[in-house]
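Colleague: I'm new to this one. Can you walk me through it?

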Amino acid sequence: MIEIIIQISYLVATALFILSLKFMNKPHTARMGVFFGVGGMTAAVVGTLLNPHIVGYEWIVVGLVIGTIIGVPLSWVPLTAVPQRTALSHAFGGLAAGLVGVAKYYLWLEEGALTQFRTGAIVLEILLGFLTFTGSLMAAGKLQEIIPTRPITYKGQNLINLALLSIAIIIGVYLVIHPEASFLFPALIVLSLLFGVLLIIPIGGADMPTVIALLNSYAGLAAVAMGFVLENKLLIAAGALDGSSGLILSIIMCRAMNRSFANVLFGAFGQLQTSAGTAEQRTVKSATAEDAAQIMENANSVVIIPGYGMAVAQAQHRVRDLYEHLTKRGVDVKFAIHPVAGRMPGHMNVLLAEAEIPYDRLIEMDDINPEMSEVDVALVIGANDVVNPAARHDKGSPIYGMPIIDADKAKTVLANKRSMNAGFAGIENELYYAQNTLMVFGDAKSTIGEMVKYFAGESGM
Amino acid sequence: MHTDFLTMVFVLMLATFVGLEIIHNVSRLLHTPLMSLTNAISAIAIVGSIIIAGEQHSTASTVLGTIALAASMTNIVSGFLITDRMLKMFKKPGTKQS
């Protein structure tokens, strides 16, 4: 009887999780999604607590309390740090899966209940869980800049990684054939942990959005593997939902950078290109913040193209002020969002939403590009590679083929930048030398602030 | 055992298709909150950890289970809370800032 109640609670939880994700379709129903998600989780946890195999609740309470104590402050991080938090929680997810796998292996070993099927599932769980654990810790470290964000490469790297993975797989297969060969089990754990580290080390900061999405997928697959170990369909279903979500997001990220998975994982992007760019001195035209403000004031339409540099400079709120002043003057202001703007999928949208910019003003790249030639002013703030026209035509450029926002097609381009240094990928941006481009030099926060002051002063009179 | 295994593969297959279909329709605006929400949902691993921490078969398994339980609970709590915090920021078009 109790078993049936537990299974029903899992069934309800699965349905609520699916509905929860479905509500994420649209911004105005999305908060319902969280509500349903919490409901599903509560159903699952309560159902599990009824399990007759549980003999004591004291350690369960300890775990729940510790998790809450760590979890609550982790949800207060600034939005610029959300990518790190996400990577960290993938790490926790991987760790949990790995540890449950270890516990189950030794318990069954003791009871003599290790079947080949169970061992196979445990091997997968260990591999995925622990590589997600260390890999995500590395990714979090890179995002937090505790670990150098540049790709760390050495000779024969891919060969070593491949060899490590092969050894782990051979050990795994051997364990499935001989489940009692427990002396090999710790080796599998160590290799999985090591592989996670080595897999992420050569990946540069620019690829982090893809890597986070990929690790998301692995964390989901680790939960699926745990479901097979425990023969629990709820775990399989919820893990599969997470895994497919990570998969879709990583495909979107890869497409947005015109790269393949293999290229992200083994390519060590943005390091080896010794600036092949022509070193000729070209001249740029520059303008003051006040000039720029006047140009925008006389425009009918302005498209703002934000990059992560805007968030680094903490300029979002000034940008919001600018948006309001321009809108008040009847200028049509939109924001063009490149899929990889920011450090994880959708990051820029969240950063702008925090600054209280209405979400119907945030336009995706594919939707804004056809309009760009009609736009009077494109204002580029802290973005670089995503507006570099070289991606369209320069076959020699490392970013060739990457979809970009066609800022150069606007009648006037205003590009805010601190100096003429090259961007994240170390590539010259020809947009800055174009006939219709005016550079507005200076820190994003103070430059946009000056523009806002111009408008504020004007309306004050 | 064999029918059990096939049932599980069935669940995996169906859930993957459902997942791909649903996630595909999620607004790109919300990909960051989506990720923190799926984070919290995949912390359903807590179910496995609870049983291991509660069975108390051996000291080692109880310790491992409790750590796994704490890690999953961290993801559940922080995942749902931060998702809601981010979603609150998406202002409906036309509403003035508060």
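Modeller: Here is a quick tour, from the chains down to single residues. Keep in mind that this is a predicted model.

Colleague: Fine. How is chain A divided into domains?

Modeller: Domain 1 covers 1-76, domain 2 covers 85-266 and domain 3 covers 289-460.

Colleague: What separation do the centres of domain 1 and domain 3 of chain A have?

Modeller: Their centres, taken over C-alpha atoms, are 42 Å apart.

Colleague: Now chain B. How many helices and strands are there in chain B?

Modeller: Chain B has 4 helices and 0 strands. Along the sequence the pattern reads α-α-α-α.

Colleague: Is chain B a compact globule or more spread out?

Modeller: More spread out. Along the principal axes, its C-alpha atoms fill a box of roughly 60 × 35 × 15 Å.

Colleague: And what share of chain B counts as buried?

Modeller: Of its 98 residues, 61% count as buried.

Colleague: What about contacts within chain B between residues at least 6 apart in sequence?

Modeller: Of those contacts, 62% join residues at least 24 apart.

Colleague: Let's go to where the chains meet. How many residues are in contact?

Modeller: On the chain A side there are 95 residues, in contact with 80 residues of chain B.

Colleague: Which element of chain A supplies the largest share of that side?

Modeller: That is α4(A), with 15 residues. Other elements each supply at least two residues, including α1 (2-22), α8 and β3 (362-364) of chain A.

Colleague: How does the chain A side split by class?

Modeller: It has 57 nonpolar, 27 polar and 11 charged residues.

Colleague: Which helix of chain B is mostly covered?

Modeller: Look at α3 (residues 46-55) of chain B, where 9 of the 10 residues are buried. Among them are I46(B), V47(B), I50(B) and A53(B).

Colleague: What do the buried residues of α3(B) pack against?

Modeller: Parts of both chains. They pack against α2, α3, α4, α8 and α9 of chain A, together with α4 (59-89) of chain B.

Colleague: What comes after α3(B)?

Modeller: Q56(B) follows α3(B). Q56(B) lies in the loop between α3 and α4 of chain B. Its phi is near 50°, a positive value in a residue other than glycine.

Colleague: Is Q56(B) buried or partly exposed?

Modeller: Partly exposed, with 16 other C-beta atoms within 10 Å.

Colleague: Which residue of chain A also has a positive phi although it is not a glycine?

Modeller: Q314(A), at about 55°. Q314(A) sits in the loop between α12 (308-312) and α13 (316-328) of chain A. Q314(A) is partly exposed, with 13 other C-beta atoms within 10 Å.

Colleague: Where is K328(A)?

Modeller: K328(A) is in helix α13 of chain A.

Colleague: Change of topic. How many residues are in the largest nonpolar core?

Modeller: There are 189. The residues that touch the most other members are A225(A), I305(A), V380(A), I44(B) and A45(B). Helix α8 (residues 208-230) of chain A gives the largest share of this core, 17 residues.

Colleague: Pick I305(A). What does I305(A) touch?

Modeller: Leaving out residues up to four places away in sequence, I305(A) touches A336(A), A378(A), L379(A), V380(A), A383(A), V387(A), I405(A) and A407(A).

Colleague: Which strand joins β4(A) through V302(A) and V377(A)?

Modeller: V302(A) has V377(A) as its bridge partner in β4(A). The strand is β1 (residues 301-306) of chain A, which runs parallel to β4(A) and is joined to β4(A) by 5 bridges. Strand β5 (residues 412-417) of chain A is also joined to β4(A) by 5 bridges, and these two run parallel. There, A378(A) stands opposite V413(A).

Note on methods: Residues are numbered from 1 along each chain as its sequence is written. Chains are lettered from A and ligands numbered from 1 in the order in which they are written. This is a predicted model: local features need pLDDT of at least 70, side-chain atom pairs count only at pLDDT 80 or more; totals for chains, interfaces and linings use all residues. Domain bounds come from an automatic or database domain assignment. A nonpolar core is a set of buried Ala, Val, Leu, Ile, Met, Phe, Trp, Tyr and Cys residues joined through C-beta atoms within 7 Å. A residue is buried if 20 or more other C-beta atoms lie within 10 Å of its own, exposed if 12 or fewer, and partly exposed in between; C-beta atoms are placed from the backbone. Two residues are in contact if their C-beta atoms, placed from the backbone, lie within 7 Å. Ala, Val, Leu, Ile, Met, Phe, Trp, Tyr, Cys and Pro count as nonpolar, Asp, Glu, Lys and Arg as charged, and the others, Gly among them, as polar. Two strands pair if DSSP finds at least two bridges between them. The radius of gyration is taken over C-alpha atoms; the globule rule is 2.2 Å times the number of residues to the power 0.38.
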